Amino acid sequence: MLADLRAIVGASGLKTGDALSVLHPGADEHNLDAGVMVIPKNTAQVASVLCLCNERRIAVVPHGGRTGLAGGGVSTIGEIILSLAALNRIESLSASAGTAIVESGVTLQALQEAAALVNLSTGIDIASRGSATIGGMISTNAGGMEAFRHGVMRQRVLGLEVVLPDGSVMSDMAQVTKSNEGYDLKQLFIGAEGTLGVVTRAVIRLAPIDEFTATALVACSCATDAVALFQNLQRNRSLNLLRAEFMARDYFALASTDLGPAALAAFTDAPAYIILETDAADQQIAQSTLEEALAEAIEAGLVVDAVLAQSEKERNEIWNIREDSSVVTRAYPHGYWFDISVPLQGLETWLTQFNRGIAALGPGVRGFTFGHLGDGNLHVSVAGETTNPDKDAVKAMIYANLREMGGSFSAEHGIGLEKKPELHALIDPVKLGLMRSIKKTIDPNGIMNPGKIIE
């Protein structure tokens with residue numbers, strides 16, 4: 001089998017043993033456990049690899065930048081890792097059309113930098129931009145900070161090329177928004193985490209770049225006020241709201257003390273914080289407009305205190321508190337992470353329920369919450385100070401009433417292995433049955449990323 005794979009991708013396209021051990025496994029230490037990695041250089045080689053594996057009934061685990069947090073890239077002995085790292089070309093970028101055609105191994109940062117040269121952006125941003133690949137973001141339907149205005153990855157994709165398990169290639173590389181050609185099959189592969197096929201190329205919709213920005217850290221007396229402020233700023237025609245990132249008191253206290261300068265660590269104590277970013281026609285207007293809007297919010301009682309960044313250094317210090325969320329794991333390694341969505345009208349109710357739940361778990365348990373305010377996506381950590389808390393009790397507390405509120409147990413990190421129990425227990429059984437039927441139809445031999453999402 002190794003000889004046949006080497007014949008397809010060449011000696012440099014196959015890594016085993018010591019050649020594989022020098023690679024970083026990424027977000028999960030078990031990502032490279034298969035011990036065999038194939039690195040095709042183009043779509044034709046991907047197709048040949050899948051055709052061979054399908055004939056031999058050998059499982060394939062696709063890899064992008066290995067930044068996934070739900071175990072979607074975990075592999076085991078007897079499987080083959082298919083890395084898309086060599087498919088890293090930006091084939092074209094049209095400033096007039098606002099689109100880019102890229103291979104799936106292109107990193108988000110590489111596309112951001114290329115788009116910026118023609119005053120465009122990707123319309124999506126995540127903290128792991130330097131290693132996360134476009135194909136991986138498509139496969140997990142990544143979201144990020146700008147989802148409330150530009151949508152998640154599903155809304156950024158115009159066209160897609162996918163290699164199916166039998167080696168056939170579906171090419172749906174439309175470069176236009178309006179393309180009503182029957183079933184929109186590319187949507188099946190967005191968020192499928194490599195369980196139905198391998199994304200090899202994509203047409204990405206770009207957005208205007210944010211040139212002159214103003215950044216503020218805001219303290220609010222409750223989540224309800226934070227949501228009202230967000231909605232007011234969205235309706236404010238004198239400014240353009242770019243980002244609104246939420247942090248609850250416990251997370252901000254830990255992160256600002258550990259990461260921030262003394263001025264941020266000493267910022268006003270409050271139950272809720274928001275990092276706001278806006279833009280305008282020039283830097284001075286951006287600063288003054290945001291300052292005026294926050295002054296009105298203070299007068300209206302929606303904001304307790306606010307500080308505006310006066311330099312790029314101050315801006316980076318504010319954002320670092322939000323983006324370096326590993327500060328929680330470093331301080332409290334005995335815990336669990338969750339990625340949920342809560343409708344904005346239910347945010348205060350859920351947070352109150354969460355705080356009561358943390359207290360009920362005992363004095364040695366801590367809870368930390370932050371996320372994307374605009375779309376209600378919360379990242380939640382529950383950790384014990386010395387040992388892991390009871391996982392079943394923690395899950396029950398996190399997910400209590402979530403579906404009744406209209407929320408989701410999985411917001412932007414995919415299902416992978418981590419959230420399979422929740423998927424099978426919490427989603428509509430008819431929907432689950434349709435997912436099984438689709439999997440069986442497209443991948444009848446079950447070779448694509450087995451065990452992830454659905455059997």
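How many disulfides does the count come to by the rule that a disulfide is a pair of cysteine sulfur atoms within 2.5 Å? The count comes to zero.

**Before starting**

This is a predicted model, in which local features need pLDDT of at least 70 and side-chain atom pairs count only at pLDDT 80 or more, while totals for chains, interfaces and linings use all residues. Residues are numbered from 1 along each chain as its sequence is written, and side-chain values use heavy atoms, with hydrogens and water left out.

**Stop 1**

Select Cys-220 and Cys-222. Cys-220 is in no disulfide, and the nearest cysteine sulfur, that of Cys-222, is 7.6 Å away. Cys-222 is likewise in no disulfide, its nearest cysteine sulfur being that of Cys-220. Cys-220 has a relative accessible area of 0% and is therefore buried (buried means under 20% relative accessible area, exposed over 50%, and partly exposed in between, with a 1.4 Å probe and protein chains only).

**Stop 2: the nonpolar cores**

Next, select Ile-340, Trp-350, Leu-373 and Ile-398. These residues have the most contacts inside the largest nonpolar core, which has 54 residues. A nonpolar core is a set of buried Ala, Val, Leu, Ile, Met, Phe, Trp, Tyr and Cys residues joined through side-chain atoms within 4.5 Å. Helix H9, residues 223-235, gives the most to this core, with six residues. Helices (H or I, at least four residues) and strands (E, at least two) are DSSP runs, numbered from the N terminus.

Stay on Ile-340 and show what surrounds it. Leaving aside neighbours within four places in sequence, Ile-340 is in contact with residues including Trp-350, Leu-378, Val-380, Ile-398, Leu-402 and Phe-409 (contact means heavy atoms within 4.5 Å).

A second, separate core has 28 residues, and Leu-111, Met-137, Met-153 and Phe-189 are among them. In soluble globular proteins, nonpolar side chains tend to be buried together.

**Stop 3: the second largest pocket**

Which residues lie nearest the centre of the second largest pocket? Select Arg-154, Gly-191, Ile-415, Lys-431 and Met-435, which hold that place in a lining of 33 residues. The search runs on a 1 Å grid over the protein atoms alone: a pocket is an open set of points where a 1.4 Å probe fits, with protein on both sides within 12 Å along at least five of seven lines, and lining residues have an atom within 4 Å of a point.

The volume of this pocket is about 790 Å³; grid points are joined across faces, edges and corners, and a volume is the space filled by probe spheres set on the points. Helix H5 (134-140), helix H8 (186-189) and helix H19 (429-442) are the elements that give two or more residues to the lining. H19 gives the most, with five residues.

By class, the lining has 14 nonpolar, twelve polar and seven charged residues. Here Ala, Val, Leu, Ile, Met, Phe, Trp, Tyr, Cys and Pro count as nonpolar, Asp, Glu, Lys and Arg as charged, and the others, Gly among them, as polar.

**Stop 4: two loop residues with positive phi**

Select Arg-57, in the loop between helix H3 (43-56) and strand S3 (60-63). Its phi is near 60°, a positive value in a residue other than glycine. Arg-57 is exposed, with a relative accessible area of 52%.

Move to Asn-141, in the loop between H5 and helix H6 (147-150). Phi of Asn-141 is near 50°, again a positive value in a residue other than glycine. Is Asn-141 buried or exposed? At 15% relative accessibility, Asn-141 counts as buried.

**Stop 5**

Thr-213 lies in strand S12, residues 213-220, and is buried at 17% relative accessible area. The C-alpha atoms of Thr-213 and Leu-290 are 77 residues apart along the chain and separated by 9.7 Å.

Leu-239 sits in the loop between H9 and strand S13 (240-248), and at 10% relative accessibility it counts as buried. Beyond neighbours within four places in sequence, Leu-239 is in contact with Leu-233, Thr-278, Asp-279, Thr-289, Leu-290 and Ala-293.

**Stop 6: Lys-391**

Finish at Lys-391, in helix H16 (residues 391-399). Lys-391 is partly exposed, with a relative accessible area of 34%. Not counting residues up to four places away in sequence, Lys-391 touches Tyr-336 and Glu-418. Tyr-336 is 55 residues from Lys-391 along the chain, and their C-alpha atoms are separated by 7.7 Å.

Key
A disulfide is a pair of cysteine sulfur atoms within 2.5 Å.
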